[in-house]
Amino acid sequence: MQTNFIEELRWRGMLQDMMPGTEEQLQKEMTAAYIGFDPTASSLHIGNLATIMLLKHFQLCGHKPYALVGGATGMIGDPSGKAAEREFLSEDTLRYNQECIKKQLEKFLDFNSGENSAVMVNNYDWFKEFSFLGFLREAGKYLSVNYMMSKDSVKKRLETGISFTEFSYQLLQGYDFYWLYKNKNVRLQMGGSDQWGNITTGTEIIRRKEGGSEEIEHKAYALTTPLVTKADGTKFGKSESGNVWLDPTMTSPYQFYQFWLNATDADCPRLLRVFTLYSKEEIEALEAEHAPAPHLRIMQKALAKDVTIRVHSEKAYNIAVKASEILYGKGAIEALQGMTDEDILAVFDGVPQTQIAKADFDATPNVTDLVSVITNGEIYPSKGEARRAIQGNALSINKTKIADPNYSVTFELLNGKYLLIGKGKKNHLIIVD
């Protein structure tokens, strides 16, 4: 078990800012801390995973993590880092998103570890009874407009415009901290570095509502982690198709695995420290092993393995590895035999697919017709183009090169219904049903 949370964050490069006294408080006793997650989508993404790892390390160091799902704040949307106001989501959508996010968070934190078991809360539970006037009396009177306008999340939006709804967001988040401080003895709020203003609003509300004494000032704390960027300074966490989600129906385990596997050598040391549970010694050993033979991608494989298993499962990881070997390496196509249809389709998620009838497949005279006429031109638009590709050694079926345009269609179907077509360096799956 880890012991010193702040030291753990320091060597991992996961510490941006913290209020004075934070480290002393954490060394003194088991402390409760929370991070908020707004349900603006039905899944968290890998940007959220960086802050989830804060809670994970916090718990491993013997402290008590709270994960707050923002059922109330999600109705407004945090203006931090946004150039324009978010679209409002319906209450039904928000409720659905909240349930999905709760299930995801349960995969990372231990909710049954005794005294420091993780706890999940929803700020809708304490905001649902508030009247507008009641909230102004409870929270609004404790912060000046000048104070609220000094926050970066507000200042950056003044030129383009910010609604009163978004302007009030920091007040709601600040009150969350106060409520958790009073009712759950939560002493620390954590988050990404773009949340510093919102978090310190919470410590300020606590200080002022509790009387503003020096003693109170040192009972609520703030800590942030740097936003993860690539070595070239650009934003991390997006693939060509957009966000990399934790939900396997939105980003398949294979796509998820490939995202990490394609990390650059320059990015891997930081990504290993932020997103994996490898120790300092293990990461340094991986770096030393990788350096003389970067083509083996040792750091990337270790990174992709750790994160894919924890986000999805060991089974999903093994399928992703098999898929990579089959599609891009020297893996034998026989590895797919015996897999379920679900697993095979997971392997080929993202690969173009064409469905044909079994009767049409059986009646196909040759391979040229198979990859042009029978598949409606989705692989090759014409018989002539298909024939030229075969003669140019550009076509394979189930990873075997086809050199004869008149080759008979006598291929063994994988699992009784699939054919993998290699079109140059690209792949296509025929589903015979």
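Reply:
**Around A32**

Leaving aside residues up to four places away in sequence, A32 touches F58, K64, Y66, N185, V186, R187 and L188. The model is predicted. A32 lies in strand β2, which covers residues 32–37. Is A32 buried or exposed? Its relative accessible area is 8%. Buried means under 20%, so A32 is buried. M14 is 18 residues from A32 along the chain, and the two C-alpha atoms are separated by 19 Å.

Next, the packing. The largest nonpolar core has 57 residues. Within this core, F5, M190, W260 and F275 touch the most other members. Helix α3, residues 46–60, gives the most to it, with eight residues. A second, separate core has 22 residues, including W126, F135, I206 and A220.

Not counting residues up to four places away in sequence, F275 touches I46, L49, A50, M53, V228, F236, W260, D306, V307 and R310. F275 also belongs to one aromatic cluster, along with F236, F256, F259 and W260.

Now the rings. How many aromatic pairs are there? With ring centres within 6.5 Å as the rule, the count comes to 15. F411 is buried, at 13% relative accessible area. Y407 has 37% relative accessibility and counts as partly exposed.

Two lysines sit over tyrosine rings. K209 lies over the face of Y178, at 4.9 Å from the ring centre. K423 lies over the face of Y380, at 5.0 Å from the ring centre.

Last, the annotated spans. In an unreviewed UniProt entry, residues 39–48 carry the short sequence motif "'HIGH' region". In the model this span is 30% helix and 0% strand. Its end C-alpha atoms are 11 Å apart. The unreviewed UniProt record also lists residues 344–431 as the domain "Tyrosine--tRNA ligase SYY-like C-terminal". Those residues are 26% helix and 24% strand. How far apart are the end C-alpha atoms of residues 344–431? They lie 11 Å apart.

Notes. Residues are numbered from 1 along each chain as its sequence is written. This is a predicted model: local features need pLDDT of at least 70, side-chain atom pairs count only at pLDDT 80 or more; totals for chains, interfaces and linings use all residues. Side-chain values use heavy atoms; hydrogens and water are left out. Rings of Phe, Tyr and Trp (its six-membered ring) pair if their centres lie within 6.5 Å; planes under 30 degrees apart count as stacked, over 60 as edge-to-face and the rest as tilted. Buried means under 20% relative accessible area, exposed over 50%, partly exposed in between (1.4 Å probe, protein chains only). A charge sits over a ring if NZ of Lys or CZ of Arg is within 6 Å of the ring centre and within 35 degrees of the ring normal. UniProt positions are given in the numbering used here, feature names are shortened, and annotations may be inferred rather than shown by experiment. Helices (H or I, at least four residues) and strands (E, at least two) are DSSP runs, numbered from the N terminus. Contact means heavy atoms within 4.5 Å. A nonpolar core is a set of buried Ala, Val, Leu, Ile, Met, Phe, Trp, Tyr and Cys residues joined through side-chain atoms within 4.5 Å.
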